[in-house]
Amino acid sequence: GYHEILARLILYLLIQEKSTVFILPNEGFVREKQLIGDKINNIPGVLPFGHTTLWNKVKLGEFPSPIKLGSQITAWRVEDVRAYIQSIASTQEASL
């Protein structure tokens, strides 16, 4: 189903050593454009969905909530994003 495809795509993108895909740092924060990409500036993302789906998932509690780092700066903790990706992968592995 959808979650299986999503998990496989995310894992595939994360393990590509020679890929132009943005790889999550080990720690710190990432901004929305690092997660979903920015087609205008040719910045690839690590998640296979866009702005609307990202914020819908946040609203539904399916994706971690961001943290306000300033009045106009919103970011996600890398640890939270990695935990989300791992949970999708674990769910997919359990269904095999």
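I counted four helices and three strands in the protein chain, taking helices (H or I, at least four residues) and strands (E, at least two) as DSSP runs numbered from the N terminus. From the N terminus on, I read the order as α-β-α-α-β-β-α.

I noted that this is a predicted model, where local features need pLDDT of at least 70, side-chain atom pairs count only at pLDDT 80 or more, and totals for chains, interfaces and linings use all residues. Residues are numbered from 1 along each chain as its sequence is written, and side-chain values use heavy atoms, with hydrogens and water left out.

Next I looked up burial: 31% of the 96 residues are buried (under 20% relative accessible area; exposed is over 50%, partly exposed in between; 1.4 Å probe, protein chains only).

I listed the contacts (heavy atoms within 4.5 Å) of Tyr 84. Leaving aside residues up to four places away in sequence, Tyr 84 touches Leu 6, Leu 47, Phe 49, Lys 57, Glu 62, Phe 63 and Pro 64.

Last, I checked Ile 67, which lies in strand S2 (residues 67-70). Ile 67 counts as partly exposed because its relative accessibility is 30%.
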